[in-house]
Amino acid sequence: MKSDAGHNSRDHFSSQYGALVAIVGSAVGLGNIWRFPYIAGVYGGGAIILLYIVFVLIMGRPLMLTELTLGRLGQGNAYGAFQRMNAPGMGRLIGSMGILAAFIIMSFYTAIGGWTMAYIFKSASGGFAGASSQQIQQIFSDFVSHPVWPIVWQALFLLATMYVVMRGVSKGIEKFSRLMMPLLLLLLVVMGIRAITLPGGMDGLKFLFKPDLSKLNPESVMAALGQVFFSLSLGMGAILTYGSYLSKDADIVKSSKYVTIADTVISLLASIAIFPAVFAFGLDPTSGPGLLFETLPNVFGQMPAGQVFSFIFFFLVFIAALTSAMSLHEVVVAFAVEEFGMRRPVAAWLISLLIMALGVFCSLSLGIMSDFTLFGKSVFDLMDFISSNILLPAGGLCMAIFLGYVLSRPVVETEITSGGRYRPHLAVFYFLVRYVVPIAVFLIFLNGIC
Ligand code: PHE
C-alpha cells in the first residue's frame with residue numbers, strides 16, 4: 001500500500017450529507033424509473049421483484065461498500081486507484097471494462113434522457129391533454145421512430161451532461177439535487193396514490209407483489225442481476241470514483257446502507273405508480289422500453305392539473321437521469337485526465353463525440369433501423385445487454401475478489417471503520433464478498449450462457 005500522499009490534493013466532498021446526495025444522485029436515475037418497471041413487466045412482475053430485492057441484499061449492498069472502500073483506499077479513478085493499491089493488472093482489467101461499459105451505457109442512456117426532455121416540452125404544450133391511451137401510445141411510437149427528433153434530443157441531453165461535467169464537481173448540481181431528489185420522491189408517492197386508486201388499478205399491485213415463481217428462468221435471473229448492478233451504478237467504477245472523493249472519516253457503512261435503501265424504495269415507488277395504470281388502461285405490461293412514456297401520461301390525464309404534474313414529473317426524471325449520466329461521463333473523463341493528462345474540456349468533448357457516434361445507432365434502432373439485429377437483438381437491446389448483464393457483473397466480480405482475497409483484511413477493516421472510529425459488524429460483509437457474490441455471479445453467468 002502506498003502512503004496517503006496526494007490525498008489532500010484531490011477533490012473531496014464537503015460533507016457526509018453532500019457525498020450521500022451525490023452517490024444517491026448517481027444511483028437513482030432512469031434505472032429506477034424507466035428500466036426497473038419495464039424489466040419487471042417483461043419478466044412477469046412479482047417473482048423478479050422478489051429476486052431483485054434478494055440480490056440487492058446479498059450482492060448490491062456489499063458491493064456498494066466494496067466500491068466505496070476501494071475508491072477511498074486507492075484515491076483514484078477506476079484505473080488509477082488500483083495502481084495506488086499496487087495492483088496494476090487489476091486496474092487495467094477493471095478500468096478498461098468500466099470505461100467500455102460507461103460508453104455503452106451512455107449510448108442508450110442519452111437516448112432515453114433525450115426522451116424525458118422531449119416529454120417535458122410535450123407536457124408543457126398540452127400534448128397529452130384529452131388523449132386516449134391508444135393516442136398516447138401512438139404519440140410515443142411516432143416520436144421514437146422519427147429519424148431526426150430523438151437524435152436531436154439525445155444530443156441535447158448529452159450536451160447538458162457534458163456542460164456540468166466540464167465544469168468539474170459542480171456545487172450547483174449538488175445543491176440542485178438536494179432540492180430535487182426529495183421532490184421526486186414526493187411526486188412519486190402522489191402518483192402512486194393516484195394510480196392505485198384508479199378503477200382496476202389493484203390488478204397492477206397484484207402483478208407486482210404476488211410472486212409467481214414459475215416465471216423465473218435463467219434469463220430472468222440474469223436480468224434481475226443486471227438490474228441490481230445497473231440501478232446501483234455498480235461494477236464499473238462510478239461508485240469507486242465517488243468513494244475516492246469521500247473524506248477519510250465518513251461512515252461508508254452507513255452511506256452504503258442509505259444509498260441502497262433509497263435506490264430500492266424509488267424503484268418500487270415508480271412501479272407502484274406505473275403498473276396500476278397499465279392494468280387500468282388495458283395496456284401491455286411487457287411492452288418494454290416505452291412503458292414509462294406510454295403509461296404515466298394516462299395517469300396525468302386523470303389528475304386535476306395533470307398537465308402541470310406531467311411537466312414537473314418529466315423534469316424531475318430528467319434531473320435524476322442527468323445526475324446519473326454525469327457519474328457515467330465522469331468515469332471516463334477522470335480516467336482520460338488523470339491517466340493521459342488530457343485537458344478536461346478536450347476530454348469531455350472527445351468522449352461526448354464518441355458516445356454520440358454509438359448513440360445514434362441506439363436511437364435509430366427504435367425506428368428506421370429496427371429491422372437490423374445482431375444476435376437476435378436490436379442495437380439498443382444489445383448495448384443494454386452487454387453492459388448491464390455482462391460487463392457490470394464481471395466488474396463487480398473482480399472487485400469482490402480483489403477486496404475479499406487480494407487485500408489484507410486489516411487494511412480493509414481500517415479503511416471501512418475509518419481507523420476504528422466506527423464499529424460495524426463486518427463478518428457478514430466478508431462472507432458475502434468472499435463467497436456469495438463470486439459464486440452467485442459465476443453461476444448466473446454460466447446459467448445464462450448455457
Ligand atoms: N444507476 C444509474 C441509474 O439507475 C445508471 C448508472 C449505471 C450510473 C452505472 C452509473 C453507472 O439510472
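This is a predicted model: local features need pLDDT of at least 70, side-chain atom pairs count only at pLDDT 80 or more; totals for chains, interfaces and linings use all residues.
Local features need pLDDT of at least 70 and side-chain atom pairs count only at pLDDT 80 or more, while totals for chains, interfaces and linings use all residues. Residues are numbered from 1 along each chain as its sequence is written, and side-chain values use heavy atoms, with hydrogens and water left out.

**View 1. Residues around the ligand.** The shell holds 15 residues, and Ala27, Gly31, Tyr109, Phe230 and Ser233 come nearest; a residue is near if one of its heavy atoms lies within 4 Å of the molecule. By class, the shell has 7 nonpolar, 8 polar and no charged residues. Here Ala, Val, Leu, Ile, Met, Phe, Trp, Tyr, Cys and Pro count as nonpolar, Asp, Glu, Lys and Arg as charged, and the others, Gly among them, as polar.

View 2. A polar contact is a pair of N or O atoms within 3.5 Å. Oxygen atoms of the ligand lie 2.5 Å from a polar side-chain atom of Tyr109, 2.8 Å from a backbone N or O atom of Gly31 and 3.4 Å from a side-chain N or O atom of Asn32. The protein buries 100% of the 330 Å² that the ligand exposes when taken alone (Shrake-Rupley method, 1.4 Å probe). Helices H1 (16–27), H2 (30–42), H10 (218–231) and H14 (306–340) each give two or more residues to the shell; helices are DSSP runs of H or I with at least four residues.

View 3. The ligand takes up the space of the second largest cavity, with more than half of its atoms within 2 Å of the grid points. A cavity is a set of points on a 1 Å grid over the protein atoms alone where a 1.4 Å probe fits but cannot get out, and lining residues have an atom within 4 Å of a point. This cavity has a volume of about 130 Å³, the space filled by probe spheres set on the points. Of its 16 lining residues, Ser26, Tyr109, Phe230, Ser233 and Leu328 lie nearest the centre. H14 gives the largest share of the lining, 3 residues.

**View 4. The largest pocket.** A pocket is an open set of points with protein on both sides within 12 Å along at least five of seven lines. The largest one has a volume of about 570 Å³. Its lining comprises 28 residues, with Tyr38, Tyr43, Lys377, Asp381 and Asp384 nearest the centre. The lining divides into 14 nonpolar, 9 polar and 5 charged residues.

Conventions: A polar contact is a pair of N or O atoms within 3.5 Å; within protein, one must be able to donate a hydrogen and the other to accept it, and residues adjacent in sequence count only if both atoms are side-chain atoms.
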